[in-house]
Amino acid sequence: MMRFDIMTLFPDLVSYVLGESIIGRAQRSGHIAVNAYNIRDYSKDKHHRVDDSPYGGGMGMLMMAPPIYDCYTAILEQSEPEARRRVIYMSPRGRVLNQEKAKELAQYDQLIILCGHYEGVDARIIEEIVDEEISIGDFVLTGGEIPACILTDAVARLVDGVLSDPLCYENESLSAGLVEYPQYTRPAVFRGRAVPEVLISGHHANIEKWRAAAALAETERLRPDLLKKDN
């Protein structure tokens, strides 16, 4: 079973998002565990304060290092000592998440994910506990909870048993370096648009050829940058 331990100021948000659909079922079936920890619970301030103004001045507030560190050590106390783990800080400064990174992270036994807020976190906590920073894109959000949910979903679905069959993700968009071919279901004609004849022909070899060509064409149309990576 793979563990996802998420350090956040909004554990209910994380639990709600990841408690539904496939990821929720995977937790209930025991294939993964997702735990959300409220960093405020580890603050020694009587008001559970976790932020302060930055040294040197500047706009906004920073999350303080001690509550985060105490939350982290509490997680370690509940973890398997020999677990292969990685600590990730969701940050716009980090490497942008892609399918290859998701596959890499799926090889670990445990991911500990730190969600930043305000203007970020004290740099010393990054130096002390974080293995890498990961972004979900070149933009800034109000907090790391949504990125943490996205990362967890992307990795968890690659864990054995979460999806019904490995083919569910092996042939989908980006897994083979291309976007996925178009897919269709009933009715055979919708508002004058018919399903390609080859898909209802029953000729599996021709269907596979069509899908390969269609995936390449869709990649050229939608994500030509993926093709340039191979050149």
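Modeller: Helices (H or I, at least four residues) and strands (E, at least two) are DSSP runs, numbered from the N terminus. By that reading, the protein has nine helices and nine strands. This is a predicted model, where local features need pLDDT of at least 70 and side-chain atom pairs count only at pLDDT 80 or more, while totals for chains, interfaces and linings use all residues. Residues are numbered from 1 along each chain as its sequence is written, and side-chain values use heavy atoms, leaving out hydrogens and water.

Colleague: Thanks! What share of the 231 residues is buried?

Modeller: Buried means under 20% relative accessible area, exposed means over 50%, and partly exposed lies in between (1.4 Å probe, protein chains only). Here, buried residues make up 40% of the 231 residues. The C-alpha atoms fill a box of roughly 70 × 40 × 35 Å along the principal axes.

Colleague: And how do I read contacts along the sequence?

Modeller: A contact means heavy atoms within 4.5 Å. Take the contacts between residues at least 6 apart in sequence: 75% of them join residues at least 24 apart.

Colleague: Which residues of the largest nonpolar core touch the most other members?

Modeller: The general idea is that in soluble globular proteins, nonpolar side chains tend to be buried together. A nonpolar core is a set of buried Ala, Val, Leu, Ile, Met, Phe, Trp, Tyr and Cys residues joined through side-chain atoms within 4.5 Å. The largest one has 28 residues, and Phe 4, Ile 6, Ile 32, Leu 111, Leu 151 and Val 155 touch the most other members. Elements giving two or more residues to this core include strand E1 (2-8), helix H2 (21-28), strand E2 (32-38) and helix H6 (145-156). H6 provides the largest share, six residues.

Colleague: What does Ile 32 touch?

Modeller: Leaving aside residues up to four places away in sequence, the partners of Ile 32 include Met 1, Phe 4, Ile 23, Ala 26 and Val 159. There is also a second, separate core of 20 residues, with Tyr 89, Leu 114, Ile 126 and Val 130 among them.

Colleague: Let's look at one helix. Which residues of H2 are buried?

Modeller: Ile 23, Gly 24 and Ala 26 are buried in H2. The buried residues of H2 pack against H1, E2 and H6. Just after H2, Gly 30 takes a positive phi of about 85 degrees.

Colleague: Which residues other than glycine have a positive phi?

Modeller: Tyr 118 has a phi near 55 degrees, and Arg 191 has one of about 50 degrees. Tyr 118 lies in the loop between E6 and helix H5 (123-129), and is partly exposed at 37% relative accessibility. Arg 191 is in the loop between E8 and strand E9 (193-194), and at 74% relative accessibility it counts as exposed.

Colleague: Where is the cis peptide bond?

Modeller: A cis peptide bond joins Arg 186 and Pro 187, with omega about 5 degrees. Pro 187 is in the loop between helix H7 (167-170) and strand E8 (189-190).
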